[in-house]
Amino acid sequence: MVQLTRRHLLTAFGAAAVTTVAGCGDGEESTEGLDGKRAGAMEAFRAGDQFKATEPVTFSIMMLSNQAYPYKADWPFFAELAERTNVTLESTAVPGSDYNQKRSVMVSAGDAPMIIPKTYHPDEEAFIASGAIIPVSDYIDLMPHYKEKVARWNLQPNLDGFKAQDGKYYLLPGLHENTWQDYSLGARTDVMEKLGLSQPRTWDDLANVLREMRKAHPDVYPLSDRWSTPPQPGANNLLNLIATAYGTHAGWGYRPTHWDAAAGRFVFSGAMDEYRQMLQYLNTLVTEKLIDPESFTQTDDIARQKFANGKSFMISANAQTLVNELRKDIAKIPGAEVSKLILPTGPAGATLPGENRLENGIMISKKALESKNFVAMMQFIDWLWYSDAGLMFSKWGIEGQTYSGKVDDGSFKLDPGVKWGGLNPDAPKDLQVDYGFSNGVFAYGGSTAMLNSQFSEEEKIFQAEMNKREIRPVDPPAPLNDAEREQVTLWASALKDHVNQQTLRFVLGQRPLSEWDAYVKELEGKNSARYMDTVNKAYERYKKEHG
């Protein structure tokens with residue numbers, strides 16, 4: 001399952017920066033050297049098969065305990081999993097707030113469980129040099145469901161972006177059939193209708209909608225946004241959406257490297273002319289008082305309060321926050337309605353980035369490879385995280401108890417006595433809290449039909465529009481060696497801080513855009529050019545060595 005926290009985590013890990021320059025391999029060695037490691041494994045295991053160990057086995061797993069549904073050892077999920085697979089999971093439960101630090105300490109010390117999920121690329125790179133985690137790409141021949149989906153959904157170019165310098169990858173990501181655009185802006189459609197305003201097709205159209213709102217309500221900032229994560233500028237979703245529309249990277253989607261296909265090289269995102277154009281657009285919104293300048297610093301609660309009190313008419317939203325927050329927030333305003341806008345387009349056209357077809361994933365600790373049950377463990381991971389049956393189980397639970405019907409023919413229905421994510425909100429039981437299903441440790445990725453099973457009819461219409469858009473190619477691999485990675489990480493931190501600081505100043509008009517060239521020189525003084533030289537050398541080296 002993909003939740004709001006996913007974007008915050010992606011932001012945190014993207015900060016270190018080498019999202020386009022990391023780890024992958026192709027499974028050539030997966031069946032070699034595994035004598036003595038096949039205890040409990042199925043002799044023949046193919047795509048479509050139900051995995052069940054030939055003897056009871058136990059695998060240790062690091063378990064993120066989500067604040068919204070804290071870990072319980074007696075969840076029906078675990079009992080049913082053992083019944084279906086003959087596998088018992090021995091969980092090391094860690095609160096979400098401590099998960100990344102605890103994981104780092106345990107993996108570095110060699111004390112991590114066998115299965116280490118909930119890892120966002122490129123976080124796995126920190127553990128490659130020590131040998132604490134295994135190159136999972138060496139063993140994908142043991143994973144027929146994973147291989148089948150990678151081939152059928154044409155995900156190898158995405159996986160290539162995970163490759164380390166050795167041509168292998170060290171993280172098994174969640175796989176999405178299609179790019180999924182969840183985030184947009186929530187807008188007061190009743191206000192738009194009253195003013196005779198139609199759905200904005202472009203970001204320029206959206207600015208005109210805001211102008212009409214401001215004209216009718218001069219005491220209101222029409223857009224007052226949320227999701228500030230200091231020390232970054234706030235409005236992280238808005239920055240990401242607009243940057244993507246202009247063909248660059250900012251906010252939650254920030255990364256320092258951007259592949260310039262025309263030039264055949266990587267360029268620094270924060271120095272692109274497209275980045276300057278994005279800043280000009282946002283500065284226009286601020287100058288004309290169409291966006292609340294506090295959008296870039298205020299807390300979520302304050303932003304939501306303004307929206308709830310009619311002090312703003314637009315705010316960032318996704319499918320869950322639209323239903324679970326915004327509609328409840330405005331319930332006291334007579335006649336108020338809010339819906340997600342179809343995502344406006346910009347100079348980059350009606351496109352979506354291809355990178356987000358891969359999700360957080362699983363690292364495998366070195367100790368797992370030493371286990372006599374290693375092959376069985378890989379088969380188990382393949383079934384639970386990558387088979388249609390495993391994904392259905394981890395997402396929706398037990399047919400006849402928590403759900404009925406099928407996702408592929410659209411007959412799926414969550415049981416009326418069970419609630420989840422805005423479905424059956426008055427039901428007595430919670431799918432996550434009481435059952436342990438739809439847990440973000442297990443339930444992510446999958447087919448478009450699976451994704452649609454969690455949506456209302458309204459959201460399905462939104463997704464259908466998004467699915468009409470062209471998917472941009474992913475960046476080519478440019479994996480760094482250990483010394484390069486250590487160096488660029490140091491550069492990336494200082495560069496990102498400066499980009500964030502100056503982005504806020506440019507947007508708020510505290511620094512005129514006439515100083516753009518001076519700003520680019522400042523980035524060069526902080527090693528942006530050396531950074532890109534390093535990445536481009538890595539790209540050329542990889543292309544020469546691996547084709």
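In β9, serine 339 is the bridge partner of alanine 187. The model is predicted. Strand β9 belongs to an open sheet of three strands, in the order β8-β5-β9.

- Pairing in the three-stranded sheet is antiparallel. The edge strands are β8, residues 314–317, and β9, residues 338–340. Each of these edge strands pairs on one side only.
- From one strand to the next, the twist averages 30°.
- Strand β5 spans residues 184–188. Three bridges join β5 to β9 in the antiparallel sense.

**Helices against the sheet**

- Helix α10 runs over residues 300–308, and its buried residues are Ala303, Lys306, Phe307 and Ala308. These buried residues pack against β5, β8, α11 and β9.
- Just after α10 comes glycine 310, with a positive phi of about 75°.

**Aromatic pairs around tyrosine 281**

- Two numbers describe a pair of aromatic rings: the distance of the centres and the angle of the planes.
- Tryptophan 203 lies in helix α7, and tyrosine 281 lies in helix α9, residues 273–287. The pair therefore ties together parts that are 78 residues apart in sequence.
- Both tryptophan 203 and tyrosine 281 are buried.
- Tyrosine 281 also pairs with tyrosine 246, and here the ring centres are 6.4 Å apart. The planes are at 50°, so this pair is tilted.
- Tyrosine 246 sits in helix α8, residues 236–246, while tyrosine 281 is in α9. The pair links distant parts of the chain, 35 residues apart.
- Tyrosine 246 is buried, as is tyrosine 281.

**Charges over rings**

- Arginine 214 lies over the face of tyrosine 221, 5.5 Å from the ring centre.
- Lysine 395 places its charged end over the ring of tryptophan 396, at 5.2 Å from the centre.

**The α13–α14 contact**

- Helix α13, residues 374–386, meets helix α14, residues 388–396. Their axes come within 5 Å and cross at roughly 65°.
- From α13, the contact takes Trp383, Leu384, Trp385 and Tyr386. From α14, it takes Asp388, Ala389, Gly390, Leu391, Phe393 and Ser394.
- By class, the contact has seven nonpolar, two polar and one charged residues.

**Lysine 468**

- Lysine 468 is in the loop between α17, residues 457–466, and β16, residues 470–471.
- The relative accessible area of lysine 468 is 62%, so the residue is exposed.
- Lysine 468 and glutamine 156 are 312 residues apart in sequence. From C-alpha to C-alpha, lysine 468 and glutamine 156 are 22 Å apart in space.

Notes
Residues are numbered from 1 along each chain as its sequence is written. This is a predicted model: local features need pLDDT of at least 70, side-chain atom pairs count only at pLDDT 80 or more; totals for chains, interfaces and linings use all residues. Side-chain values use heavy atoms; hydrogens and water are left out. Two strands pair if DSSP finds at least two bridges between them. Helices (H or I, at least four residues) and strands (E, at least two) are DSSP runs, numbered from the N terminus. Axes are lines fitted to C-alpha atoms, for helices over the stretch in contact, and angles run from 0 to 180 degrees between N-to-C directions. Buried means under 20% relative accessible area, exposed over 50%, partly exposed in between (1.4 Å probe, protein chains only). Rings of Phe, Tyr and Trp (its six-membered ring) pair if their centres lie within 6.5 Å; planes under 30 degrees apart count as stacked, over 60 as edge-to-face and the rest as tilted. A charge sits over a ring if NZ of Lys or CZ of Arg is within 6 Å of the ring centre and within 35 degrees of the ring normal. Contact means heavy atoms within 4.5 Å. Ala, Val, Leu, Ile, Met, Phe, Trp, Tyr, Cys and Pro count as nonpolar, Asp, Glu, Lys and Arg as charged, and the others, Gly among them, as polar.
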